[in-house]
Each structure stands twice: as C-alpha cells, then as structure tokens.
Amino acid sequence: CKILRCNSEYVAATLHLRGPDRGAAFCTALRSYSLCTRRTARTCRGDLAFHSAVHGIEDLMIQNNCSKEGPTAPPRPRPPASNPHGFESLDICDYERSFLYKHGRPPGFQHCAAFGDPHIRTFHDDFHTCRVEGSWPLLDNDYLFVQATSSPVAKGSNATVTSKLTIIFKNMKECIDQKVYQAELDNVPAAFQDGSVNGGARPGGSSLVIWERSPGRHVEIRADYIGTTIAVRQAGRQLSFSIRAAEEVARAFTEEQDLQLCVGGCPHSQRMSRSPHGRGRVPAETAQALCREMLPVEDVYFQSCVFDVVTSGDTNFTMAAHGALEDARLFLPNAEKLHIFQ
C-alpha cells in the first residue's frame with residue numbers, strides 16, 4: 001500500500017500554499033492526491049490511513065469548491081533525504097507535520113484550563129468550580145502528567161487556589177529525555193527542574209522548548225513532538241494552567257488513569273456553586289464592576305472572576321480570569337466555543 005507516498009506528495013505540493021489566493025493550485029493538488037489514492041486503491045483496501053485520506057480529500061474538495069474534473073499536477077520530485085529513513089523519520093518529532101503526512105489532514109485539538117478558585121474548563125467544554133485541597137491530577141496519560149496542588153484562598157474559607165504545578169513530559173524515543181517543570185507561587189521559572197530550556201540532547205530535543213512571556217509571571221511550553229502547548233501564569237496569589245493538546249494525545253490513557261480533572265472535571269463531591277453565599281470580603285456589586293472592566297462578556301469567566309474577588313478580597317483575580325480567557329482565545333480550535341454561559 002503506497003498511501004504514505006500519496007500523502008507526502010500532497011504535503012509537498014501544498015506546504016507553500018497559504019491564504020485565500022491558493023484556490024486553483026490547491027484544487028489541482030487535491031485532484032492529484034485523489035488520482036494517487038485511486039491508483040493504490042486495490043492494495044490499500046484494508047488500510048485505515050487510506051480510508052482516512054479518501055474521506056479527507058472529499059471533505060476538502062467540498063470546502064474549497066473544487067471540481068473533480070480538471071488539471072492534475074505531476075508529482076513533485078522528492079528531495080534527497082538527509083537520512084536513509086526519509087520524510088517520516090525526519091518529522092517524527094513534529095507531530096502536526098507527521099500527522100498530516102500520515103492522514104492527509106491536520107490533527108484535531110482540545111483545550112483545558114484551571115485558574116482562580118480553581119475553576120476547571122475540561123477538554124469537553126464542561127466548566128466546574130472545585131473545592132479540591134491538596135494534590136490532584138489535571139492530566140495523566142501516556143505523554144504527560146500534570147498535578148495541581150491547592151491550598152485555601154483565605155483562612156477559614158472553603159475556596160482553594162492552585163499554589164503549585166508539576167508537569168512531567170515523559171521520555172519519548174529519539175525526541176526528548178523526560179523533563180519535569182515545577183512552578184510555585186512567586187517562582188514561575190523559565191526552565192525545567194534540571195536547568196535546561198529544551199528537551200535535551202536527543203535529535204528532537206528542540207521539539208520541547210520553554211518561552212518566557214512575562215518574567216516570573218507567564219511561561220509558555222511548546223511540545224511540538226506531541227502537538228501540545230502549555231501556558232503557566234501567576235496572577236495575585238494563584239497559579240493558572242492552560243493547555244492546547246492534540247486529540248490523540250489527550251485521549252492516550254487507560255482505565256486506571258481515570259482521575260483527570262481535564263477529562264472528567266471535578267468529582268461531584270468537590271464541586272461548588274459559583275453563587276457566593278454569606279458575607280464576602282468584597283461586595284458583589286464592587287466585584288462585578290471590577291470584573292466587567294477586564295471581561296466585557298458575562299460568561300463563566302466573568303462569573304468565576306466575581307466569585308473569586310468576593311471570596312478572596314483580592315482584586316488580582318480579575319487578571320487570572322482575563323489570562324485564562326486570553327489563553328482560550330489562542331488555544332481553542334473552535335472560536336465559537338470561546339464563551340460558555342451557565
């Protein structure tokens with residue numbers, strides 16, 4: 001089955017095509033891709049990658065108003081590989097390119113966040129406010145382990161905030177050594193625990209990199225080898241966590257790894273209402289006015305902001321909700337799901 005060759009020829013033909021003016025050349029590349037799959041149909045009948053490519057071509061032709069009849073381009077000459085294993089080996093530490101090569105389409109992505117009280121936005125766009133105290137896993141899969149440690153937001157309060165984050169990037173073939181990142185209040189480093197800023201000495205070490213966005217306040221970790229980006233922020237006396245993960249990575253766990261706040265949200269016994277009860281440290285009207293300055297849409301981010309400011313008395317919590325919303329704006333694959341209303 002030569003489907004991988006069809007995929008790589010399509011990738012090579014479309015890598016340079018960008019923007020609204022790509023139309024005719026893109027349709028030509030799609031017709032060539034379709035012709036290539038038809039030529040290999042007999043030997044690829046039972047191959048999942050083949051069927052995925054065929055359906056992907058049909059969808060792309062409809063989306064781009066491409067006619068099935070028209071010119072096809074001759075296959076591009078493949079550049080000589082710098083190693084004997086060719087394209088697939090060269091890109092094994094670039095998840096998005098490797099996925100496109102294998103499946104003929106870009107991968108899907110999911111978003112999860114934990115901020116403030118903590119409030120959890122799950123991969124499935126559920127939204128919970130948690131009472132969780134102590135250490136809880138946000139993620140626990142074949143590639144990543146993320147643990148959040150929470151403590152009370154104020155003396156005598158039921159509400160808690162994240163005071164420590166531990167992120168483990170698990171050892172992966174020739175791409176990266178295992179790396180551990182740890183952030184605590186007033187210590188958001190721009191390096192892993194061993195002092196490095198990338199995935200180590202392996203050939204794909206540069207596919208895991210830390211970027212400092214705001215010194216001591218905001219770092220971004222790009223893990224291209226698993227198609228994942230993580231943001232860690234400190235606002236006031238709390239840490240927040242946001243992730244954009246490839247669907248395949250987010251789903252790579254067993255039944256034993258069933259407790260993940262990013263997957264299932266807070267356990268029922270740990271969920272709280274976001275309607276502040278009793279006497280808060282800041283009047284609700286004041287909190288609403290402060291939050292409205294940072295969050296003009298009265299969605300769950302706004303509700304969470306009001307809850308946090310009333311409960312803690314700390315106006316910096318407006319920045320926590322604002323940062324989480326900004327991360328969601330960057331990380332969410334579907335902009336229409338940005339705001340959640342409850």
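What percentage of the 342 residues of the protein count as buried? The share is 49%, with buried meaning under 20% relative accessible area, exposed over 50% and partly exposed in between (1.4 Å probe, protein chains only).

This is a predicted model, in which local features need pLDDT of at least 70, side-chain atom pairs count only at pLDDT 80 or more, and totals for chains, interfaces and linings use all residues. Residues are numbered from 1 along each chain as its sequence is written, and side-chain values use heavy atoms, with hydrogens and water left out.

**View 1. The whole protein.** The protein has 10 helices and 12 strands. Helices (H or I, at least four residues) and strands (E, at least two) are DSSP runs, numbered from the N terminus. The C-alpha trace spans about 70 × 45 × 35 Å along its principal axes. Contact means heavy atoms within 4.5 Å. Among contacts between residues at least 6 apart in sequence, 58% join residues at least 24 apart.

View 2. Eight strands form an open sheet in the order β8-β9-β10-β11-β1-β2-β3-β12, with antiparallel pairing. β8 (208-214) and β12 (271-272) stand at the edges, each with a single partner strand, so one side of each is left without a neighbour in the sheet. Two strands pair if DSSP finds at least two bridges between them. Six bridges join β8 to β9 (residues 218-223), and these strands run antiparallel. S214 has H218 of β9 as its bridge partner.

**View 3. R121 in strand β2.** R121 sits in β2 (residues 119-121). R121 counts as buried because its relative accessibility is 0%. Its side chain makes a polar contact with the side chain of Y301 (3.0 Å). A polar contact is a pair of N or O atoms within 3.5 Å; within protein, one must be able to donate a hydrogen and the other to accept it, and residues adjacent in sequence count only if both atoms are side-chain atoms. Leaving aside residues up to four places away in sequence, R121 touches H111, C112, A113, D126, F127, Y301, L332, K337, L338 and I340.

**View 4. The β4-β5 hairpin.** A hairpin joins β4 to β5 through three residues. Six bridges link β4 to β5 (residues 144-152), and the two run antiparallel. W136 has A148 of β5 as its bridge partner. Five of the seven residues of β4 (residues 134-140) are buried, so this strand is largely enclosed by the rest of the structure.

View 5. Most residues other than glycine have a negative phi, and most peptide bonds are trans. D117 and P118 are joined by a cis peptide bond, with omega about 15 degrees. P118 is in the loop between β1 (109-115) and β2. D125 lies in the loop between β2 and β3 (127-130). Phi of D125 is positive, near 65 degrees, and D125 is not a glycine. K173 is found in the loop between β6 (160-169) and β7 (179-184). K173, also not a glycine, has a positive phi of about 35 degrees. K173 counts as exposed because its relative accessibility is 60%.
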